[in-house]
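Visitor: I would like to learn how to read the packing of a protein chain from its coordinates. Could you take me through it feature by feature?

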Amino acid sequence: MMMKPFLLSNLSSPPPLINSHRLQCKSPPPLSADHVGALTRILRNGVSIVLSVGILLSSPTPCLSIAIDSSPSVRSSPPVYLTEKDANCREDEAQGERTVDNSDTPQMVTNEGLVEEAWEIVYESFLDTSQRHRWSPESWLQKKENVLGTSIKSRSKAHDIIRRMLASLGDHYTRFLTPAEFSKMARYDMTGIGINLREIPDDTGGVKLKVLGILLDGPAHSAGVRQGDELLTVNGKDVKGKSAFEASSLLQGPSETFVNITVKHGNCGPVEAIEVQRQSVAKTPVFYRLEQIENGDSVGYVRLKEFNALARKDLVTAIKRLEDMGATYFVLDLRENLGGLVQAGIEIAKLFLNKGETVTYTVGRDPQYVRNIVAEVPPLVTAPVIVLVNKNTASASEIVATAVHDNCRAVLVGERTYGKGLIQSVFELHDGSGVVVTVGKYVTPNHVDINGNGVEPDFQSIPAWSEVMKHLSKCHKPQEGPELSIAQN
């Protein structure tokens, strides 16, 4: 199945491409020599809405899944991922066979089986974040008896039952996706070849990278990669010891080009060299320019429209070019950015943080999902930063904005942000449809739950850079400590 890009109306027309990275040096609105007046004018303009996808959590069921963080207005679905359970060789091979069988013959699933599959996903992973707390395992068990008590005659009837079942949860982010809606996901493929990688502990105390999700009929699947395979090399480069994000970056490249990988099939299977043709449809979300201000300093202006698979890579390129051109300050424009891949947002936030500083906290229904996500290396950017936000700055954008703000790396300018702090996971059902389920939430480094509240900016209008420096000098960073007390609902 060839994936098509998800096109959104009302997007501004991009300026001409300048290189193979597709980074644009020009973007509306123009900045004048007077940086205060110019940036104030920027605040009055916006760009179009995008999707919002999120942090990968473990799937509790053998269905295909990836975690997302849904946009407050435009909602679609990201790539298809499976979660692997610890298994011996025989179990691993059997799981591989089941995966292939399901992908090749999706029509074999019964209507009743499809409804039960959706029911189990909610039962094992749903996090009730409502104030009414209308969900419980007991009530959900009763729901199963009610919906599966009779024969379901058609596939459309099964889909309708799943819709009503999910609607009863009272969570408008938890919803059903038709097969057509589920297929609009390729722009969020972090590798460009349709797989998701995860770090799994090995017998030596290190980690190995395994394919814990694969886009059915995508480039890697069509070339022979299977669920549970271990990635060994990319273009001859050993990936042992590398993170999943680093390996995904090595796999990326221009669409229609080829990447050579070596995989080990299953836990005990053969090693195979495979050539895969990339089919990335993501477009650069980064637009930048250098502006001179009256005192002779240079400001690097970067607008980030969404957090897709190219966001971090293209932002790094833009920042390095702006620094080479003499930028001493930076403006990061996140207005009208409703989010995207939360993992991309996390990695972008790390570019501005010192090693060990907290990006965000995540929490799920199970206490084991409480995590403190921190920067692992020194920052790429040490210059002062202004982050532009407005009422449509949401999800992954709020992760970045609060990470740099709470760690005293930037000031926020504009309007209160949207306030979207929930994490959803999209699971593919065996007929190609899907369900989106709220599975967790994220909390700022200052332990603030922004969901439904948003973040208040430091300034409503653009301050002088001297005011920015003064504000940052008085900023207090989050207290260090292992304790983290977060209400899960």
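Predicted model: local features only at pLDDT ≥ 70, side-chain atom pairs only at ≥ 80, totals over all residues.

Visitor: What does the secondary structure of the protein chain come to?

Guide: Helices (H or I, at least four residues) and strands (E, at least two) are DSSP runs, numbered from the N terminus. Here the protein chain has 12 helices and 17 strands.

Visitor: How many residues of α11 are buried, and what covers them?

Guide: In α11 (396-406), 11 of the 11 residues are buried, so this helix is largely enclosed by the rest of the structure. Contact means heavy atoms within 4.5 Å, and the cover over the buried residues of α11 includes β11, α10, β12, β14 (385-389), β15 (410-414) and β17 (434-443). Just after α11, C408 takes a positive phi of about 60°. Helix α10 (residues 342-350) is mostly covered, with eight of its nine residues buried, and those buried residues pack against α8 (244-251), β10 (298-304), α9, β12 (358-364), β13 (371-374) and α11.

Visitor: At what angle do helices α3 and α4 pack?

Guide: Axes are lines fitted to C-alpha atoms, for helices over the stretch in contact, and angles run from 0 to 180 degrees between N-to-C directions. Helix α3 (residues 111-125) and helix α4 (residues 137-147) pack at about 175°, with their axes 11 Å apart; they are therefore roughly antiparallel (angles over 145 degrees, where under 35 is roughly parallel, 65 to 115 roughly perpendicular and the rest oblique). Among the residues making the contact are W119 and Y123 of α3 and W140 and L141 of α4.

Visitor: Which residues touch the most other members of the largest nonpolar core?

Guide: A nonpolar core is a set of buried Ala, Val, Leu, Ile, Met, Phe, Trp, Tyr and Cys residues joined through side-chain atoms within 4.5 Å. Of the 71 residues in the largest one, I162, L332, F352, V387 and V435 touch the most other members. Apart from it lies another core, of 19 residues, among them V239, A247, I274 and V276.

Visitor: How should I read the aromatic pairs?

Guide: A pair of aromatic rings is described by the distance of the centres and the angle of the planes. Rings of Phe, Tyr and Trp (its six-membered ring) pair if their centres lie within 6.5 Å, and planes under 30 degrees apart count as stacked, over 60 as edge-to-face and the rest as tilted. The count comes to three aromatic pairs. The rings of F126 and W135 have centres 5.7 Å apart and planes at 70°, so this pair is edge-to-face, and both F126 and W135 are buried. Y329 and W465 form a stacked pair, 4.3 Å centre to centre with 15° between the planes. That pair links distant parts of the chain, with Y329 in strand β11 (residues 329-333) and W465 in helix α12 (residues 465-473), 136 residues apart.

Key:
Residues numbered from 1 in each chain as written. Heavy atoms only, no water. Buried < 20%, exposed > 50% of the residue type's maximum accessible area, 1.4 Å probe, protein only.
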